[in-house]
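Here are a few friendly notes to read alongside the coordinates. They move from the overall fold to the helix contacts, and then to the record's annotations.

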Amino acid sequence: MALFSLHGLFYVIGWAMRGCLVEELIEWKNIGIAHLPGVISLAAGLLIWVTSLPGVSRKNFELFLYTHQLYVVFVVFLALHVGDFIFMMAGAGIFLFMLDRFLRFFQSRKTVAILSATCFPCGTIELVLSKPASKI
């Protein structure tokens with residue numbers, strides 16, 4: 001996020017020095033680099049990053065969890081910002097991530113019961129869960 005932020009900041013500084021900040025920020029070209037999707041992607045990424053900080057994520061886990069669903073906005077608008085050729089360089093990683101999300105969703109549909117819960121003095125919680133029946 002530091003590199004993305006510096007990238008955006010340096011462009012904003014350059015546009016402000018030229019006196020065309022607003023025009024450049026809202027520009028959305030059909031060919032080449034589109035600026036507005038980059039701004040939206042950076043904003044989503046920064047929001048995800050800020051809610052990842054320990055002070056925020058520990059005190060308000062739900063905010064952390066729900067803002068991390070903005071990864072979809074981040075990736076889609078990043079693709080719109082950089083174009084298909086550059087975006088495809090990350091295509092394999094994004095494909096594997098989406099495959100992982102699909103498998104997690106599919107596997108999480110099974111219900112399990114909590115058999116026991118133990119709270120240890122060090123603050124660790126042990127949960128013993130039932131194993132779902134195998135459908136082989």
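1. **What kind of model this is.** Please keep in mind as you read that this is a predicted model.

2. **Overall make-up.** The protein chain holds 8 helices and 2 strands. Read from the N terminus, the order of elements is α-α-α-α-α-α-α-α-β-β. With a radius of gyration of 21 Å, well over the 14 Å that the globule rule gives for 136 residues, the chain is more spread out than a compact globule. The C-alpha trace spans about 65 × 40 × 20 Å along its principal axes.

3. **Helices α3 and α6.** How do the axes of α3 and α6 cross? Helix α3 covers residues 35-52 and helix α6 covers residues 71-82; their axes come within 8 Å and cross at roughly 155°. Because angles over 145 degrees count as roughly antiparallel, α3 is roughly antiparallel to α6. The crossing of this pair is left-handed.

4. **Who touches whom in that pair.** On the α3 side, the contact is made by His35, Pro37, Gly38, Ile40, Ser41, Ala44, Gly45 and Ile48. Facing them from α6 are Tyr71, Val73, Phe74, Phe77, Leu78, Leu80 and His81. Sorted by class, the residues of this α3 and α6 contact comprise 10 nonpolar, 5 polar and no charged.

5. **Helices α1 and α3.** Helix α3 also has a crossing with α1, which runs over residues 2-18; here the axes come within 10 Å and cross at roughly 135°. That angle makes α1 oblique to α3. The crossing is left-handed.

6. **The α1 and α3 contact.** Which residues meet here? From α1 there are Phe4, Ser5, Gly8 and Trp15, and from α3 there are His35, Leu42 and Leu46. The contact of α1 with α3 has 4 nonpolar and 3 polar residues, and no charged ones.

7. **The domain annotation.** The unreviewed UniProt entry gives "domain: Ferric oxidoreductase" for residues 2-78. In the model, this stretch is 79% helix and 0% strand, and its end C-alpha atoms lie 16 Å apart.

8. **The transmembrane annotation.** The unreviewed UniProt entry also places the feature "transmembrane region" at residues 33-50, 70-99 and 111-129. What does the model show in two of these ranges? Residues 33-50 are 89% helix and 0% strand, with end C-alpha atoms 26 Å apart. Residues 111-129, in turn, are 0% helix and 58% strand, and their end C-alpha atoms are 10 Å apart. If you have a moment, do look at residues 111-129 in the viewer with that 58% strand in mind.

Technical notes:
Residues numbered from 1 in each chain as written. Predicted model: local features only at pLDDT ≥ 70, side-chain atom pairs only at ≥ 80, totals over all residues. Heavy atoms only, no water. UniProt positions renumbered as here; feature names shortened; annotations may be inferred. Helix = DSSP H or I, 4+ residues; strand = E, 2+ residues; numbered from the N terminus. Axes fitted to C-alpha atoms, helices over the stretch in contact; angles between N-to-C directions. Parallel < 35°, antiparallel > 145°, perpendicular 65-115°, else oblique. Left-handed = near helix turned anticlockwise from the far one by under 90°. Contact = heavy atoms within 4.5 Å. Nonpolar A, V, L, I, M, F, W, Y, C, P; charged D, E, K, R; others polar. Rg over C-alpha atoms; globule rule 2.2 N^0.38 Å.
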